[in-house]
Amino acid sequence: MMNAPIAKTVISARGVDLTFETADGPVHALKGVDLDISKGEFVSFIGPSGCGKTTFLRVVAALETPTAGEVSVNGMSPDDARRARAYGYVFQAAGLYPWRTIGRNISLPLEIMGYPKAERTRRVREVLELVELGGFEKKYPWQLSGGMQQRASIARALAFDAEILLMDEPFGALDEIVRDRLNEELLRLWAATGKTTLFVTHSIPEAVYLSTKIVVMSPRPGRISDVIDSPLPPERPLDIRDSPEFIEIAHRVREGLRAGHEEV
Amino acid sequence: MMNAPIAKTVISARGVDLTFETADGPVHALKGVDLDISKGEFVSFIGPSGCGKTTFLRVVAALETPTAGEVSVNGMSPDDARRARAYGYVFQAAGLYPWRTIGRNISLPLEIMGYPKAERTRRVREVLELVELGGFEKKYPWQLSGGMQQRASIARALAFDAEILLMDEPFGALDEIVRDRLNEELLRLWAATGKTTLFVTHSIPEAVYLSTKIVVMSPRPGRISDVIDSPLPPERPLDIRDSPEFIEIAHRVREGLRAGHEEV
Amino acid sequence: QDLDEVRLQLQWVTQAQFAGYYVALEQGFYEEEGLDVEILAGGPDIAPPQVLAGGGADVMLNWMPSALAAREKGLPVVNIAQPFASSGLMLTCWKDTGIEGPQDFKGKTIGVWFFGNEYPFLSWMSQEGISTDGGEDGVTVLKQGFNVDPLIQRQADCISTMTYNEYGQVLDAGISEDELVTFKYEEMGVATLEDGMWVLEENLEDPEFVDKMTRFVRASMKGWKWAEENPEEAAMIVLDNDETGAQTEAHQVRMMGEIAKLTEGSDGSLDEAAYQRTVDTLLAGGSDPVISAEPEGAFTHEITDKALQ
Amino acid sequence: MSRAGPILVLVAGLFALWYAAAVPMNIREALTAAERDGAAVQPATAVERRDANALGLVLANPGQIPEAWAQDRPRLPAPHQVAGELWQSVVMEEVEGRRGLVRSGSLSNRGLLLHAWITLSATALGFAIGAVAGIALAIGIVHSKTMEKSVMPWAIVSQTVPIVALAPMIVVVLYSVGLQGLLPKAIISAYLSFFPVVVGMVKGLRAPDAMQTDLMRTWDASGWQVLTRLRLPASLPYLFASLKIAVAAALVGAIVGELPVQGGGLGARMLAGSYYGQTAQIWAALLLAAALAAVLVAAIGAMQRLALRRMGGAA
Amino acid sequence: MSMAILALALWLGLWALNVWLATGPLSDRIWARMAVPLLFGITLLVLWEIAVRALAVPLVILPPPSQIGARFGASLPVLWGDFVQTILRGGLTGYAIGCGAAFLTAIAVDRFVFLQRGLLPLASFMAALPIVGTAPILVMWFGFDWQSKAAVVVVMVFFPMLVNTVAGLAETSAMQRDLMRSWGAGYWQGLVKLRLPAAMPFIFNGLKICTTLALIGAIVAEFFGSPTLGLGFRITTSVGQLALDMVWAAILVAALAGTGFYGLVALIERGVTFWHPSQRG
Ligand SMILES: Nc1ncnc2c1ncn2[C@@H]1O[C@H](COP(=O)(O)OP(=O)(O)OP(=O)(O)O)[C@@H](O)[C@H]1O
Ligand SMILES: Nc1ncnc2c1ncn2[C@@H]1O[C@H](COP(=O)(O)OP(=O)(O)OP(=O)(O)O)[C@@H](O)[C@H]1O
Ligand SMILES: Cc1ncc(C[n+]2csc(CCO)c2C)c(N)n1
Ligand SMILES: [Mg+2]
Ligand SMILES: [Mg+2]
């Protein structure tokens with residue numbers, strides 16, 4: 001079930017366990033997670049709600065420390081990778097700062113990383129166009145609809161050049177049409193930049209369409225139940241979704257998911 | 001484009017306009033919205049992000065006052081209906097109170113509406129099972145995953161007997177399997193109780209599967225571009241989604257959506 | 001020419017009680033003696049001995065009980081001059097409480113100033129054999145704020161007053177003298193000396209300091225005599241120096257008149273008999289005497305002797 | 001107008017209450033004075049009246065009510081008496097007084113304006129020191145565990161030291177080391193005002209939720225960046241609530257610092273007023289101090305609204 | 001000079017030990033947590049002792065801690081009486097009444113826009129009714145005993161508590177309020193179930209600040225008249241007698257009481273606002 005490294009391994013997890021201590025007993029969020037991700041891969045995580053997808057991403061981003069096991073990123077600890085500004089993270093909830101306009105929210109990481117002013121302005125414009133929010137630069141988060149907030153938060157993570165993109169259900173609140181468009185954009189961006197991407201989604205077609213590798217997880221305790229390498233070519237027009245290979249992978253993912261659910 | 005009342009009209013909107021004044025100019029969130037919803041209908045709202053779906057639900061729930069036009073609910077003003085506790089509202093974000101456990105969050109509206117203690121306990125148990133959160137009653141919101149929080153917030157709105165259910169993308173953060181299950185549950189519940197339901201979603205299949213009526217909206221300014229009455233029977237097994245009628249309605253919705261997008 | 005600096009710490013806010021010093025300042029008596037004098041107003045909770053110890057002043061005014069107590073506490077202060085010949089302290093009581101003599105205090109509530117000013121009262125009560133712990137046979141002591149409200153409000157049967165200040169305020173409140181009974185400490189034989197000039201003992205070893213103080217005392221006494229002769233003008237000088245601007249002219253003029261009675265007959269030199277009477281009173285403080293031993297070297301005539309030459 | 005309306009109504013109510021309260025408060029003295037003037041009052045002697053109920057006395061002697069509003073040394077001066085004193089000390093003294101603005105060219109020490117100014121300058125300096133120190137300390141506490149654990153308990157202890165009790169001593173000690181004028185008062189004022197800022201800001205700087213701080217972590221923001229870009233903006237509601245309290249505390253501190261009556265100021269004025277039984281004087285200074293506080297608090301409220309507006313008036 | 005170096009070395013040494021205790025491997029031991037502030041305090045005290053001795057500060061200006069400790073130990077019965085009079089009778093009563101009144105006022109202000117417009121400005125007017133001014137008046141009105149001290153405390157704590165409670169009651173998010181509205185919750189329900197819990201972090205802010213204010217108020221009010229006991233009485237009379245060791249022993253009592261009081265409120269706060277990010281840390 002483990003995946004042998006093909007190219008340069010960027011992220012490698014070995015026997016990762018994570019238990020949260022709560023007032024009424026421990027919660028096993030991750031158990032024995034082994035995973036290798038090579039440079040430039042696009043890995044989707046799919047699994048029932050509460051199975052530990054978010055937790056795994058947080059472990060990779062050094063926001064959570066595993067109770068057992070090892071994670072290395074680019075051969076360093078996740079925390080060192082974090083310090084090297086390797087991550088662009090889109091959280092499950094938008095998490096925009098309410099006292100900043102959309103534009104200034106997006107430019108915040110750029111400020112922090114010391115991009116010059118002109119460059120910031122240019123990039124903010126660019127990513128706002130990318131997520132179809134041109135013209136909303138000056139609005140405050142609470143003046144935006146839920147989907148628009150989510151897009152703003154995607155834009156924020158895309159604005160700077162992180163080597164690794166961590167996206168936690170970024171397109172959950174978007175309609176099919178925008179979602180398709182953004183899927184295409186994301187794929188284009190990924191192909192162009194070769195960023196290693198970890199992507200959590202609940203949509204099987206989305207996972208299959210985007211990924212070079214699909215990780216299916218099952219809950220309580222959260223673990224990896226299947227890792228599927230996609231045979232689809234790098235060039236993927238939207239109608240690839242009607243191809244037999246596509247449907248076949250989607251079927252395998254669905255089976256994996258269902259199995260995870262039944263266990264519970 | 002208007003829909004003549006078939007049975008008793010519960011919600012009726014006439015020429016509803018809503019403009020938000022913001023620092024850099026007005027935003028037209030709703031324009032000339034006319035809509036009638038009969039008792040017991042299941043109406044889905046679908047449309048691009050930012051087209052005014054949430055705003056319309058808020059107007060119905062008397063959380064926003066239209067700049068022009070009339071809305072009546074059960075022949076009264078939305079505000080009177082609110083006071084009469086006609087609404088169960090699931091917001092787009094979970095909005096759980098951090099100082100209460102999941103169980104006590106769900107029992108909060110019951111407390112407010114004066115349900116006796118035993119009844120509250122029973123109902124909390126029941127809806128927690130319904131959304132597959134049995135065993136998480138004693139956890140605090142920040143100890144739950146995003147999807148679990150969303151399910152808790154759905155449970156909260158289902159726990160009491162509101163005549164009108166307003167659900168704003170309730171299943172956005174759920175995986176396909178849970179989502180299918182909850183769709184079925186919701187349909188069952190709706191059939192059993194005959195609650196008038198207003199349901200915002202971005203999933204075309206979901207909209208078609210659940211609804212008796214699908215309202216397609218288009219943005220800037222937000223207005224209704226199509227209203228589709230579903231010819232599907234009230235009894236809907238999950239595989240109805242492969243029937244030609246289903247595919248045909250889905251197609252019409254997708255066309256409507258696409259048209260809305262192109263306009264922009 | 002260069003003036004020698006002297007800082008004088010008063011023991012209360014600017015009022016006619018200190019008129020002599022303000023007069024000496026305003027009339028240029030200090031300057032004539034080659035002194036640049038700064039007068040530091042006092043107030044509640046300013047302990048002049050503490051200021052002296054901290055080097056904040058060269059000379060202070062203080063009541064002898066408080067100064068002698070400080071001396072016993074290890075702060076060697078020495079009286080160099082005593083412009084006040086007699087005491088202005090008294091108890092003022094409502095006549096309708098039935099108090100006629102000290103023995104009638106039993107069971108009554110009496111307001112007393114603390115902050116070092118309780119010593120004369122405690123000595124007196126101990127001489128009378130009256131306990132100060134309340135009850136039927138003792139007096140209930142209140143720590144009195146520095147005003148006459150407790151008497152007027154009848155929260156106390158008697159309060160401490162100075163002839164020159166608080167007593168006048170009681171009268172100003174519309175109470176006539178025949179509604180009151182007063183007990184002057186002077187008349188009760190428990191008077192203690194007030195408002196002496198005190199310096200640190202160690203400084204007196206410095207001849208320059210002694211010389212400075214000699215000139216200071218000389219000029220101050222000149223100021224006092226001027227004030228006695230010109231009470232109205234002296235009161236106005238005090239008013240001019242009051243930074244709070246809170247006093248009234250009428251009150252200060254009357255105060256000056258009363259003060260003049262206390263400074264009358266003093267040329268600044270300490271009357272050893274009065275000193276001894278003060279010390280005896282303090283030593284007689286019963287179980288809790290103010291001072292436990294006869295003080296040694298608590299005063300010097302050196303400076304007044306030179307000043308009077 | 002709609003803003004002023006409620007204030008006016010409440011102020012009017014307050015005055016009515018004040019007048020009403022002044023009657024039982026002052027009735028005893030009023031009756032004593034009347035008795036002295038030979039009027040017949042019920043009960044006839046002060047001793048009998050001592051234990052009588054004040055309201056009962058009012059009811060028994062309704063004719064003396066106006067007297068209760070006209071006492072020279074009232075327990076509670078009536079509003080017009082205080083207003084008269086304010087008029088005297090703020091306006092008349094400057095216009096007609098020997099040392100007033102008109103005759104001497106500078107503010108009179110017998111008027112209240114000078115004293116208000118003295119107090120205000122010490123307050124401003126003390127508040128500035130206190131607020132800056134409070135914010136700095138809170139930042140230190142939020143950033144360093146050692147600081148939090150060792151300094152915070154002592155910051156609390158520092159406030160339980162009745163500094164106000166020591167104020168005169170402190171002023172004296174500071175004086176003896178050469179500090180005088182505004183600074184000793186400002187130090188006391190700062191001492192009182194820094195604490196509310198510390199308590200509020202520690203809470204405020206920790207108010208950002210986990211997601212907001214996690215984001216910063218993923219960007220590897222430095223401590224300083226997290227502070228300026230996240231913690232400080234998030235702490236503003238706490239900051240302003242604290243600053244309002246702190247500025248009031250600073251004023252109290254400045255006034256307390258004036259207890260050793262040297263140098264004037266509203267505190268010296270109140271105290272001197274109390275030594276000489278000038279009730280109206282105390283009340284006038286008190287009201288002026290309160291007005292000063294109201295203005296200062298309102299100024300911070302205005303800053304708060306401005307800041308919130310600039311931050312998008314977030315819902 | 002050598003004393004200064006000794007003092008500096010001592011300071012650095014103890015601070016380093018403290019850093020290690022606070023952040024090192026033992027930092028979550030309960031005794032380590034207690035030791036850190038204590039060590040810091042001991043550092044201060046030792047420095048104080050050294051400074052007083054080295055600079056030969058007169059005893060009537062600042063006594064060394066050792067002497068204060070001795071005086072404290074020798075005067076326990078007297079100080080206990082003072083503690084009961086000032087802290088328990090004057091301070092606590094005033095604290096309870098003042099905070100309670102401010103809390104109720106805040107709710108009234110929150111309920112009626114009219115009061116919000118009219119009363120809040122008036123309350124800030126009250127904010128700086130300085131204790132120096134109010135204490136003589138309140139002593140005149142309420143007499144010498146603890147009642148007047150409680151009254152002074154009431155006036156002192158009222159404003160901080162009011163400001164914090166009002167700010168706290170405004171501290172809900174739009175969605176949280178909208179939810180309540182959608183359930184048709186009445187005003188009181190919204191208050192009890194939403195706004196009060198959400199306001200708790202602010203309310204405890206106020207309660208904490210007021211603990212120390214209450215002590216200060218009760219002590220200072222005694223300057224303006226008191227029975228012959230109480231911490232304020234002890235401090236003033238002892239200053240007058242130049243018994244500075246007694247002054248500081250009384251201050252020590254106030255500090256101990258204040259710290260205990262504050263700690264108690266902070267403890268309750270931890271329990272009540274466990275959900276707030278600042279407590280979840
Ligand atoms: N801070 C926490 N304290 C306690 N338990 C937690 C905490 N965070 C997460 N958990 C628990 O860990 C488990 C995994 O959570 P996680 O957020 O990783 O799920 P997920 O796969 O992202 O789910 P979803 O799709 O709903 O977002 C859940 O059971 C959750 O209750
Ligand atoms: N409080 C507000 N102030 C200003 N503009 C607002 C406000 N709320 C919403 N809007 C604007 O109104 C428009 C409609 O918003 P709404 O939330 O109804 O969209 P939506 O259809 O629910 O979108 P989504 O699917 O992304 O949730 C958007 O352009 C949004 O920017
Ligand atoms: C700090 C201090 N306060 C009060 C007195 C006693 N005292 C001396 S003169 C005077 C004023 C009388 O009008 C009073 C009350 C003092 N010696 N020191
Ligand atoms: Mg998740
Ligand atoms: Mg929406």
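Predicted model: local features only at pLDDT ≥ 70, side-chain atom pairs only at ≥ 80, totals over all residues.
Residues are numbered from 1 along each chain as its sequence is written, and chains are lettered from A and ligands numbered from 1 in the order of writing. Local features need pLDDT of at least 70, side-chain atom pairs count only at pLDDT 80 or more, totals for chains, interfaces and linings use all residues, and side-chain values use heavy atoms, without hydrogens and water.

B:Thr54 belongs to helix H1 (residues 53-60) of chain B. B:Gln92 sits 38 residues away, in the loop between strand E5 (87-90) and helix H3 (102-112) of chain B. B:Thr54 is partly exposed, at 22% relative accessibility; the class lies between buried (under 20%) and exposed (over 50%), with a 1.4 Å probe and protein chains only.

Ligand 2 lies between chains A and B. Around it are 22 residues, each with a heavy atom within 4 Å. A:Gln143, A:Ser145, A:Gly147, B:Thr54 and B:Thr55 come nearest. Oxygen atoms of ligand 2 lie 2.6 Å from a polar side-chain atom of A:Ser145, 2.7 Å from a polar backbone atom of A:Gly147 and 3.1 Å from a side-chain N or O atom of B:His202. The protein covers 92% of the 640 Å² of accessible area that ligand 2 has on its own, by the Shrake-Rupley method with a 1.4 Å probe.

Methods: Helix = DSSP H or I, 4+ residues; strand = E, 2+ residues; numbered from the N terminus. Polar contact = N/O pair within 3.5 Å; in protein donor to acceptor, adjacent residues only side chain to side chain.
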